[in-house]
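Okay, everyone, thanks for making time. Let me put the thing up on the screen, and then I'll talk you through two spots in it.

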Amino acid sequence: MTLSEPHRPKGSPMREEKVLAQVRVPGKVILMGEHAVVYGQPALAIPVFGVEARAEVVPFPAGQPGEVVLDAPQVELRNVPVSSLPATHPLRVAVAQALGAAGPPPFPLKVRVEATIPMAAGLGSSAAVSVALIRALTRALGKDLPPEVISALAYEVEKIHHGTPSGVDNTTVAFARPGYFRKGHPPEPLEVGGTFVLLIGDTGVPASTKDTVARVREGWLRDKTGYEARFRAIGTLVEQGRRALAQGSAQELGRLMDENHELLRSLGVSHPVLERVVFAAREAGAWGAKLSGGGGGGNIIALVPPEKAAGIRQALQRAGAVRVWTTTLRPQVEK
Ligand code: PMV
């Protein structure tokens with residue numbers, strides 16, 4: 001299935017299928033500040049345009065009046081009425097959020113959803129799918145909602161996935177621009193004063209953000225003073241990182257990322273494979289490297305001199321990264 005070409009059985013006569021809405025939403029990666037952001041500290045997050053979630057809405061004449069059916073082959077859903085899914089199914093909740101904001105469909109609709117964002121890899125796949133579905137469905141129903149509203153609707157779905165999410169994922173993918181984020185505040189656009197080449201390496205070690213967030217919480221409950229001091233230290237690094245980004249100072253940002261990694265390690269959310277890949281990135285000449293997202297597996301992010309990117313990519317793979325993406329921040333964000 002591709003979203004650009006409406007699905008047509010082979011040999012069937014050409015039939016025009018009216019596409020009511022079609023959207024693409026990028027993935028995201030956290031540059032600095034994860035975990036501490038759950039405790040009110042700021043974080044920096046950036047969209048990753050090399051991966052995306054896509055949603056498309058078309059009429060579904062075979063459906064019941066007012067019905068929405070889902071076509072999401074990657075999660076084994078083919079033309080399934082949304083009402084037949086469990087009440088807490090994330091896609092059902094996303095549809096309910098969209099219909100709550102835009103009203104019931106005047107005729108049956110089909111929503112096709114697909115993503116190239118790997119799941120549970122810290123690239124915001126769940127948030128991007130929710131944002132894509134909600135934006136496409138509300139648009140098809142005649143409501144072009146601003147990103148903060150789409151983000152708030154998607155946050156309700158994120159709660160099912162993560163329990164107590166900070167909201168950084170849905171915010172970053174809904175706005176699709178680098179952002180400075182604090183829980184409960186509108187995101188602020190990040191000023192980017194130079195070119196920053198970032199490699200994202202997936203360790204392939206499955207990681208549950210819910211579990212690592214719970215682990216940090218247990219630590220915090222045992223030692224509030226010690227953990228809060230670390231959260232504040234991370235917050236300070238994030239503020240400095242924001243300035244380094246604005247000044248175009250890659251070396252300084254890399255140093256701050258290294259320090260951020262040490263603090264995350266002290267929170268107990270690293271993993272031997274993450275350590276190996278972070279170390280390999282630095283050895284191969286990265287300006288800085290750290291785990292990114294929930295940790296316990298998942299991703300690392302490395303800031304690299306552009307001319308060394310190819311070599312560092314190979315070093316990451318040799319150290320155990322199963323996939324590597326590149327994303328470049330420029331004064332004007334590259335799409
Ligand atoms: O694992 P990710 O990329 O979805 O990021 C989780 C970030 C945390 O700060 C650990 C949790 C949160 O809700 O912000």
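So, the domain assignment gives domain 1 (21-181) and domain 2 (191-329), with bounds that come from an automatic or database domain assignment. Keep in mind that this is a predicted model: local features need pLDDT of at least 70, side-chain atom pairs count only at pLDDT 80 or more, and totals for chains, interfaces and linings use all residues. Numbering starts from 1 along each chain as its sequence is written, and side-chain values use heavy atoms, with hydrogens and water left out.

How far apart are the C-alpha centres of domain 1 and domain 2? They lie 26 Å apart. Domain 1 puts 29 residues into the contact and domain 2 puts in 39, where contact means heavy atoms within 4.5 Å. About 2700 Å² is buried between the two domains, 70% of that from carbon and sulfur atoms; buried area here is the accessible area (1.4 Å probe) that two parts lose on being put together, summed over both. On the domain 1 side, Met32, His35 and Tyr39 lose the most area to domain 2, together 26% of what that side buries.

Next, a helix pair. Helix 8 (residues 272-283) and helix 9 (residues 309-319) pack at about 155°, axes 8 Å apart. Helices are DSSP runs (H or I, at least four residues), numbered from the N terminus. Axes are lines fitted to C-alpha atoms over the stretch in contact, and angles run from 0 to 180 degrees between N-to-C directions. Helix 8 and helix 9 are therefore roughly antiparallel, which is the word for angles over 145 degrees. Arg276, Val277, Ala280 and Ala281 of helix 8 meet Ile312, Ala315, Leu316 and Ala319 of helix 9.

Conventions. Helix = DSSP H or I, 4+ residues; strand = E, 2+ residues; numbered from the N terminus. Parallel < 35°, antiparallel > 145°, perpendicular 65-115°, else oblique.
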